[in-house]
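Hello,

Here is the structure I promised to pass on to you. Please open it alongside this message, and then read on for what turned up in it.

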Amino acid sequence: TYVVTEACIRCKYTDCVEVCPMQCFLDAGNMLVIDPSDCIECAMCVPECPVDAIVHLDEISARQRPFVAVNAALARAPASRPIHSRQPPPGDHAHWATIKQKRHLLR
Ligand code: F3S
């Protein structure tokens, strides 16, 4: 499966959702997640993300590894909503795109 990682937090560009043939993405608050049970590993979403937030499970760094569980858990969370079309990013997305360490901001 592919995994949405830390870089997505507070950026939420949502370009990824437009290309996903399986509609795997969910809006999980201040980031999107991929439902690992739906992802077919087509990799279409990877180049779409302006902040390179989407990585394959087999290529994930040690720092981003907790996001494997984050994606799995938030994909099942009642508050998470499927998202199928692009939406405007947060007004301060450009600021957050420059911040590498945002894990503590996950809500
Ligand atoms: Fe997030 Fe990148 Fe998609 S910032 S919403 S994974 S395009």
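Below I go through the core, the sheet, the ligand surroundings and a few single residues.

Before anything else, please keep in mind that this is a predicted model.

**The core**

The largest nonpolar core is made up of 32 residues. Val4, Phe25, Met31, Ile34 and Ile54 have the most contacts inside it. H2 gives the largest share, with 4 residues.

Setting aside residues up to four places away in sequence, Ile34 touches Thr1, Tyr2, Val3 and Val4, among others. Its list of partners also includes Cys24, Phe25, Cys39, Cys45 and Ile54, as well as Asn71 and Ala75.

**The sheet**

Next comes the open sheet, where 3 strands are arranged in the order S3-S2-S5 with antiparallel pairing. Which strands stand at the edges? They are S3 and S5: each has a single partner strand, so one side of each is left without a neighbour in the sheet. H2 packs on this sheet and touches S2 and S3, and its direction makes about 100° with that of S3.

S2 and S5 run antiparallel and are joined by 2 bridges. Across this pair, Leu26 stands opposite Pro82 in S5.

Strand S5 covers residues 81-82, and Arg81 lies in it. Is Arg81 buried or exposed? Its relative accessible area is 53%, and because exposed means over 50%, Arg81 counts as exposed. Beyond its neighbours within four places in sequence, Arg81 is in contact with Phe25, Leu26 and Asp27. Arg81 and Asp27 are 54 residues apart along the chain, yet their C-alpha atoms are separated by 5.1 Å.

**Around the ligand**

There are 13 residues around the ligand, and those that come nearest are Cys8, Tyr13, Thr14, Cys16 and Cys49. How does this shell divide by residue type? It has 10 nonpolar residues, 1 polar and 2 charged.

With a relative accessibility of 4%, Thr14 counts as buried, because the limit for buried is under 20%.

**Two more residues to look at**

Glu41 also has a positive phi of about 60° without being a glycine. You will find Glu41 in the loop between S3 and strand S4 (54-56). Its relative accessibility is 40%, which makes Glu41 partly exposed.

Val55 is found in strand S4, and at 22% relative accessibility it counts as partly exposed. Leaving out its neighbours within four places in sequence, Val55 is in contact with Thr1, Tyr2, Val3, Thr5 and Ile60. Val55 and Ala43 are 12 residues apart in sequence, with 8.9 Å between their C-alpha atoms.

Best wishes

Definitions and conventions
Residues numbered from 1 in each chain as written. Predicted model: local features only at pLDDT ≥ 70, side-chain atom pairs only at ≥ 80, totals over all residues. Heavy atoms only, no water. Near = heavy atom within 4 Å. Nonpolar A, V, L, I, M, F, W, Y, C, P; charged D, E, K, R; others polar. Buried < 20%, exposed > 50% of the residue type's maximum accessible area, 1.4 Å probe, protein only. Contact = heavy atoms within 4.5 Å. Core = buried A, V, L, I, M, F, W, Y, C linked by side-chain atoms within 4.5 Å. Pairing = 2+ DSSP bridges. Axes fitted to C-alpha atoms, helices over the stretch in contact; angles between N-to-C directions.
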